[in-house]
Amino acid sequence: MNAAEHGRVHARDASEPKVEITGGRIERSEEVLTPLALQLLASLHRRFNPRRLELLQARARRQQRLDAGELPDFLPATAAVRAGDWRIAPVPRDLLDRRVEITGPVERKMIINALNAPVKAFMADFEDSLSPTWENVLRGQLNLADAIRRTISFEDPVTGRLYRLNERTATLIVRPRGWHLPEKHVRINGEMVSAALFDFALFIANNHQALAKAGTGPYFYLPKMESHLEARLWNEVFVASQEALGIPRGTIKATVLIETILAAFEMDEILYELREHSAGLNCGRWDYIFSFIKKFRNRADFVMPDRASVTMDKHFLKSYVELLIKTCHRRGAHAMGGMAAQIPIRDDPAANEAAMARVRADKLREARAGHDGTWVAHPGLAPIAMEAFDSVLQGRPNQLDVARADVNVSAADLVQLPPGQITEGGLRACIRVGVQYLEAWLRGNGCVPLYHLMEDAATAEICRAQLWQWLHHGARTEDGQPVTLARFDRLMMAELDRIHAEVGAARLTEGVFPSAARLFEQMTKSDTFDEFLTLPAYELLS
């Protein structure tokens, strides 16, 4: 039986795995659900899924120790790695200059516009900016395959405009989903597969030859890791995949997002584990803030103020940034900056100029700190970010020579709670943004413009994590009033009324707002904290 028929693929003998695809058929899906891709996926699943599950259990045990009062610290067992004189393998030519990268979901028009944007690289995202419906995931793989082969096009059904790739395009980097996420539409020997392995296996199996022919390679961003042991697992996956596909060892290159507070204590070790496959580290600032709240959620002395006040100049974030730059440059690795989520405000020139000024200041801060590049969410921000980095790099492709020997970050620096207030406006914004993002995600859209920002799942995670923390600890707003269930219920009703007024009655009743509001409320009020919003929400996706 062909895998594209989406039934069971029977093993040829008893030793081979049975692959069962339960998702509905998507047009051209046989082009990505190829025998080679499924064979690689099955091999990776059998070899590495048990270790992945062990590492997820290790996360849970670490959380129990944090709940009991333990604070993270640099690992005594890996002190020799931190002290050692080693460097990562050289990166390919098309990853030497990464001063501006654009990110977005693997949607067809988005891919064309991003690859055509005046940037150095495009991170095509299967993770936080993609709602992982079966159709979105498979079409994303098809879209990337077409883009690599330069056959991709898109005709806008409203305007009739035809989109095609320019002669010069950005370097493609792909972000698979994290270790914690499943792909529920594929089972191997009855076990649900890892979404990370699924995204990775399909992409590399189907595209490694076309990438090599195009003069580039299989480049990845790796999200949500919490330890160097999780990086070691990725490295083992890379080695096994290159051997299976006949790719020279070290061809795969990966940039790791340091977007969890625990990974910040193991940056040297993560680079070391991936050293022949490493392309650097990235400051995933929004998920990092979410991780800080999540890991210390049960501690009353770690209650975070409004997210709007948690800016990059706060000590714990500034320390994290400077440690990342120092660590990367010592090892010959790129240190990538964070996301500018602003989008142009076309109907308000004054507000637009203020927003762009904030972007310009943020990108200058990153460049002056020593970052080698940065992220933007909209092509309109690319010239601003490029100008900021050009002004500092002065013709150099990167800043690997900036050693930041002045930086000396302690464990206490990384966990210093930022000052600030909790406000009713902050409570309302968390509800309003969180519910609207989740509603869009449940409709299949993971990249959502809200109040002049391009939001992804990290925003919704911060919103519900802050509300949970404030409720759980009975935090008080700046007016002295406690955050109670009754107050939350009152504000929830008020913000749903405001959403109603903003989006209209039709959207409110025809969309999935009731389901989104119900799930958001349940997770906020729960006695226990769900590790990721996207896990229970994924159960509601087709």
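Let me begin inside the protein: the lining of the largest cavity comprises 7 nonpolar, 2 polar and 6 charged residues, where Ala, Val, Leu, Ile, Met, Phe, Trp, Tyr, Cys and Pro count as nonpolar, Asp, Glu, Lys and Arg as charged, and the others, Gly among them, as polar. What we have here is a predicted model, in which local features need pLDDT of at least 70 and side-chain atom pairs count only at pLDDT 80 or more, while totals for chains, interfaces and linings use all residues. Residues are numbered from 1 along each chain as its sequence is written, and side-chain values use heavy atoms, with hydrogens and water left out.

How many cavities of 30 Å³ or more does a search of the whole structure find? The search finds 2, a cavity being, on a 1 Å grid over the protein atoms alone, a set of points where a 1.4 Å probe fits but cannot get out, whereas a pocket is an open set with protein on both sides within 12 Å along at least five of seven lines, and lining residues have an atom within 4 Å of a point. Grid points are joined across faces, edges and corners, and a volume is the space filled by probe spheres set on the points.

The largest cavity has a volume of about 110 Å³, and of the 15 residues lining that cavity, E127, D128, L181, A457 and T534 are the closest to its centre. The second largest cavity has a volume of about 40 Å³; its lining consists of K224, E226, E259, T260, D287, F290, S291, K294 and F532, which by class gives 2 nonpolar, 2 polar and 5 charged residues.

Now to the pockets. The largest pocket holds about 1100 Å³ of space and is lined by 50 residues, with W286, R307, A341, Q342 and L453 lying nearest its centre. By class, this lining divides into 23 nonpolar, 12 polar and 15 charged residues. Helix α13, residues 424-442, gives the most to the lining, with 5 residues; helices here (H or I, at least four residues) and strands (E, at least two) are DSSP runs, numbered from the N terminus.

For the second largest pocket, the volume is about 490 Å³, and of its 24 lining residues the closest to the centre are P105, E107, R108, K109 and M110. The elements giving two or more residues to that lining are α3 (108-116) and α4 (134-148), and α4 gives the most, with 5 residues.

Turning to the helices, α1 covers residues 35-67, and its 33 residues reach 46 Å from the first C-alpha to the last, close to the 48 Å expected at 1.5 Å a residue, that expected span being 1.5 Å times one less than the number of residues. Within α1 there is a kink of about 50 degrees at F48, shortly before the proline P50, where the bend is the angle between axes fitted to the seven residues ending there and the seven starting there. Just after α1, G69 takes a positive phi of about 115 degrees.

Finally, the cysteines: a search of the whole structure finds 0 disulfides, a disulfide being a pair of cysteine sulfur atoms within 2.5 Å. For C283, the nearest cysteine sulfur, that of C328, is 8.1 Å away. Is C283 buried or exposed? C283 is buried, with a relative accessible area of 2%, on a scale where buried means under 20%, exposed over 50% and partly exposed in between, with a 1.4 Å probe and protein chains only.
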